[in-house]
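Please look over the sequence and the model shown here before reading on. The briefing is arranged by topic.

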Amino acid sequence: IFNAAPFVVSPPPPLFQEVYFKNLSKQKQKEVMEKNGNNHKLRVCVATCNRADYSKLAPIMFGIKAEPQFFELDVVVLGSHLIDDYGNTYRMIEQDDFDIHTRLHTIVRGEDEAAMVESVGLALVKLPDVLNRLKPDIMIVHGDRFDALALATSAALMNIRILHIEGGEVSGTIDDSIRHAITKLAHYHVCCTRSAEQHLIAMCEDHDRILLAGCPSYDKLLSAKNKDYMSIIRMWLGDDVKTRDYIVALQHPVTTDIKHSIKMFELTLDALISFNKRTLVLFPNVDAGDKEMVRVMRKKGIEHHPNFRAVKHVPFDQFIQLVAHAGCMIGNSSCGVREVGAFGTPVINLGTRQTGRETGENVLHVRDADTQDKILHALQLQFGKQYPCSKIYGDGNAVPRILKFLKSIDLKEPLQKKFCFPPVKDNISQDIDHILETQSALAVDLGGTNLRVAIVSMKGEIVKKYTQLNPKTYEDRLELILRMCVEAASEAVNVNCRILGVGISTGGRVNPREGIVLHSTKLIQEWSSVDLRTPVSDALHLPVWVDNDGNCAALAERKFGHGKGIENFVTLITGTGIGGGIVHQHELIHGSSFCAAELGHIVVSLDGPECLCGSQGCIEAYASGIALQREAKKLHDEDLLLVEGMSMKKEEVVSAAHLIQAAKLGNTKADSILRTAGTALGLGVVNILHTMNPSLVILSGVLASHYVNAVKDVINRQALSSVKTVDVVVSNLADPALLGAASLVLDYTTRRIY
């Protein structure tokens, strides 16, 4: 009866405005209240250990305090709240007008892991007396800190029901173990994401005691951005600072590798000093290694540096405004990968402390932050960008759900936990805000004849496609691209798709780092030194990726086609021209001047026909659609093309298709031309095998099926025996150009690892 309805994007449909539970009716709530005793108020103990957990617990505490007819609230404060070095943050609880029932000094000063263990032991010694006096019906515990483990252990051993907030999540370091240990001690669970809910079920927790509510802090986050923020920014960073022109840094020690985390913090500060932007640095959590991090700050003069402001604590309301309007947040705090996504602020997540967390596309991961240059480059990539706001962790309605959940608890039910061991089934939501099901890309294919734009889902389904003739001039072409993209982005809302970004596939040489077409093929005129990324990104407010059409075809195969899971393979496009892409060790090869994989211009004959590139004897001069059309016209001009069973209208243009048809009907000259083209392509493939030694060659495009046998024959005759075992297959993708353009977006926005 405790399953919450999935939270939806505001404003929600009328059904979800009233219903927070699938199976919990008003009558059921009434029955539970009667069982607990009509006059019995639920006595709730909320224990908070530090500034981070208070930001999640405070919205729940306000909600409990607002309903005195149902609840009695007792507040216990312990941990770093009571330490001057960390800002005496218990004062903000008093400022919020909460009565603190008990203050427990539980932190043992020290700089190693032993101090954390001793702090847990000290809390275990002091808590029983407090809980005996309070006698709460339920204790609310948040997160994964060592203090929270002491709270959960004490309550469980004293037969006090435990409600655990944010269980089921995955991150790095010892926090994972602590979080999951608290889960096993807790009787009820409030989780923030669908994945966390599934993890709790997989951990054999009772599904009826799990509430998918979202993160309580999002209730405040999603209503915070319209408040006056400039006064807050000036107060903490100075009068001369502008929005989007400063950095917030928050980094904590990693207790499983303290030495490395100290070194990483030192490199981060060096990078921030070099980057030369105003930066607010917050002191780290109370953990083994925190004092050493403070010493590093002081050694580098951060507290007196004109570009830095070092502070022990910022009130959460003000901290929200600071990160919402920052140019970037950097560090390894869970706040960066969770709360900051609500504003679309760019985040650089350093190291492994948050490994496994679900993140929005605003987060750039620097897993091995082992050099200053790597961190500095990440700052250059992220600073000042604006990403779409993410609601992975909540929709702003968590607290009402949690309060209804608390009211529904039957205190007469047995206290002993029951574990469930059913097979875990996929729970696929049909709601628009189920992020993984609605993630999509806008794919643009800039061809020689047509301009195509499509909405492509994460599974490679082309949801909607638009096609227009490609204009001849630069201005008309760019205007049409923008118009079609805006139209498709608007339509995406109607088909329940959330656009993550735009991928553009185009012919010619492309600088994918800058999104610039350096120069294109003769098929696309007036298309050199063109910045495609900036105008499209400005129009749609989305990240944009641009790459060569051959590279895009290879990416499509890697994500959706024969190349999935293959470490080394080559894709050859056989169409109007000849192109391709090379994937080596799972990565696309671009080359030093972005000219890698120009496979159509491998020379297979020194005195062969002239190619459009100006050279002679290229594969493209033999095997492309243009080359076959050229040979077909020659035969037709000499009345040697048409054979019995063929006919052409007077105005019909001779094409490669006529040559193929003639060869099938027994035209020996047409057949000879096709065999020569197949041999030329096969020789090019042999050269590729001898150079790159891939395990797979994928032939793509309209001519692939006509060439595949010829290519295999040439490999058997001409290739070294060590590469003859290579697989040569025909692509099974219906639209590799669009799927490849979509892959540019989907591969990098859903799991971006730097």
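This is a predicted model: local features need pLDDT of at least 70, side-chain atom pairs count only at pLDDT 80 or more; totals for chains, interfaces and linings use all residues.

Residues are numbered from 1 along each chain as its sequence is written, and side-chain values use heavy atoms, with hydrogens and water left out. The protein chain has 26 helices and 26 strands, where helices (H or I, at least four residues) and strands (E, at least two) are DSSP runs numbered from the N terminus. Buried residues make up 56% of its 754 residues, with buried meaning under 20% relative accessible area, exposed over 50%, and partly exposed in between (1.4 Å probe, protein chains only). Of the contacts in the protein chain with a separation of 6 or more, 68% are between residues 24 or more positions apart, a contact being heavy atoms within 4.5 Å.

**Annotated binding site**

- In an unreviewed entry, UniProt lists H601, C611, C613 and C618 under "binding site"; these residues are spread over 18 residues of sequence, yet they cluster in space, with a largest C-alpha distance of 8.8 Å.
- UniProt positions are given in the numbering used here, feature names are shortened, and annotations may be inferred rather than shown by experiment.
- C613 lies in the loop between β24 (587-588) and α21 (619-623), and C618 is found in the loop between β24 and α21 as well.
- C613 is partly exposed, with a relative accessible area of 45%, whereas C618 counts as buried at 1% relative accessibility.
- Leaving aside neighbours within four places in sequence, C613 is in contact with H601 and C618, while C618 touches G600, H601, I602, V603, C611 and C613.

- D549 is partly exposed, with a relative accessible area of 30%, and, not counting residues up to four places away in sequence, D549 touches S505, T506, G507 and I573.
- N548 is placed in strand β21 (residues 544-548) and is buried, with a relative accessible area of 11%.
- A polar atom of the N548 side chain lies 2.7 Å from the backbone nitrogen of G550.
- Beyond its neighbours within four places in sequence, N548 is in contact with T506, G507, G508, V510, G580 and E598.

**Sheet of 6 strands**

- An open sheet of 6 strands has the order β10-β9-β8-β11-β12-β13, with parallel pairing; two strands pair if DSSP finds at least two bridges between them.
- β10 (308-311) and β13 (363-366) stand at the edges with a single partner strand each, so one side of each has no neighbour in the sheet.
- Neighbouring strands of this sheet are turned by 20 degrees against each other on average, direction ignored.
- Strand β11 (residues 328-331) is joined by 3 bridges to strand β12 (residues 347-350), and the two run parallel; G331 has N349 of β12 as its bridge partner.
- Helix α13 (residues 316-324) lies across β8 (246-250), β9 (278-282) and β11, running at about 125 degrees to β8, where axes are lines fitted to C-alpha atoms, for helices over the stretch in contact, and angles run from 0 to 180 degrees between N-to-C directions.
- Helix α15 (residues 372-382) lies across β8, β11, β12 and β13, and runs at about 170 degrees to β13.

- An open sheet of 5 strands has the order β24-β23-β22-β25-β26, with mixed pairing; its edge strands are β24 and β26 (727-730), each of which pairs on one side only.
- Strand β22 (residues 569-574) is joined to strand β25 (residues 696-700) by 5 bridges, and these strands run parallel; the bridge partner of T571 in β25 is I698.
- Helix α24 packs on the sheet, touching β22, β23 (578-584) and β25, and its direction makes about 160 degrees with that of β22.
- Helix α25 (residues 704-718) packs on the sheet, touching β22, β25 and β26, and its direction makes about 170 degrees with that of β26.
- Just after α24, N693 takes a positive phi of about 50 degrees.

Technical notes: A polar contact is a pair of N or O atoms within 3.5 Å; within protein, one must be able to donate a hydrogen and the other to accept it, and residues adjacent in sequence count only if both atoms are side-chain atoms.
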